[in-house]
Amino acid sequence: MDKYVHLCNRSVQQHSKDYKAVDEEEGGAGVGNMMSSADLEKVLREQGRGDVWQQSTLPAIKQIVTWTLQSAQGLVGSRKSSFELFGFDMVLDEQLNPWLLEVNLSPDLSHSSKAKSELLGGMVPSLMEM
């Protein structure tokens with residue numbers, strides 16, 4: 001049995017002999033275990049499904065995030081002079097429908113791949129500005 005087959009967490013997957021982040025593969029987008037949304041859009045355009053991300057997948061992801069936060073609104077406490085960053089792990093099925101896997105209260109902010117470095121490079125400064 002492949003103990004990595006259902007695990008989407010990079011911190012766990014990286015220990016599999018088959019793990020490769022997208023930027024570690026020749027050819028870039030479309031291979032590996034992690035890619036940016038821009039790379040995904042590029043792959044979808046190459047497959048003739050370029051509008052799917054903006055028109056259905058991304059709005060569905062935003063709706064899932066909203067519903068998830070609303071469902072826990074009364075359960076998550078707050079502390080003065082602080083904030084919490086949530087990490088939403090999702091997987092896309094073959095029709096590009098997003099499925100929520102988990103929400104992390106303290107997501108990994110290491111620069112473990114090119115895709116993650118690009119995401120964090122924009123997100124962290126924006127977060128600090130807020």
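In what order do the elements of the chain run from the N terminus on? In this predicted model, in which residues are numbered from 1 along each chain as its sequence is written, the elements run α-α-α-β-β-α, and the secondary structure comes to four helices and two strands, where helices (H or I, at least four residues) and strands (E, at least two) are DSSP runs numbered from the N terminus. Local features need pLDDT of at least 70 and side-chain atom pairs count only at pLDDT 80 or more, whereas totals for chains, interfaces and linings use all residues, and side-chain values use heavy atoms, with hydrogens and water left out.

The chain has an accessible surface of about 9600 Å², of which 53% belongs to carbon and sulfur atoms; accessible areas come from the Shrake-Rupley method with a 1.4 Å probe, and for residues only the protein chains shown count as cover. Of the 130 residues, 21% count as buried, a class defined by under 20% relative accessible area, with exposed meaning over 50% and partly exposed lying in between (1.4 Å probe, protein chains only). Among the contacts in the chain with a separation of 6 or more, 32% are accounted for by residues 24 or more positions apart, contact meaning heavy atoms within 4.5 Å.

The two strands form a hairpin. Strand 1 (residues 87-92) and strand 2 (residues 98-104) pair in the antiparallel sense over six bridges, pairing being assigned if DSSP finds at least two bridges between two strands. Within this arrangement, Val103 in strand 2 is the bridge partner of Phe88. Five residues stand between the strands of the hairpin, and Leu96, which lies in this loop, has a positive phi of about 70 degrees although it is not a glycine. A positive phi, of about 55 degrees, is also found at Ser81, likewise not a glycine, which is placed in the loop between helix 3 (52-71) and strand 1. With regard to accessibility, Leu96 is buried at a relative accessible area of 8%, whereas Ser81 counts as exposed at 82%.

Leu96 also belongs to the largest nonpolar core, which has five residues, the others being Leu40, Leu44, Trp53 and Ile61; such a core is a set of buried Ala, Val, Leu, Ile, Met, Phe, Trp, Tyr and Cys residues joined through side-chain atoms within 4.5 Å. Helix 2 (37-46) and helix 3 each supply at least two residues of this core. In soluble globular proteins, nonpolar side chains tend to be buried together. When neighbours within four places in sequence are left aside, Leu40 is in contact with Met35, Trp53 and Leu92. Thr57, a residue of helix 3, is buried with a relative accessible area of 1%, and, with residues up to four places away in sequence not counted, Thr57 touches Val52, Leu92, Leu96 and Pro98. Ala38 of helix 2 is partly exposed at 46% relative accessible area, and the C-alpha atoms of Ala38 and Trp53, 15 residues apart along the chain, are separated by 9.7 Å.
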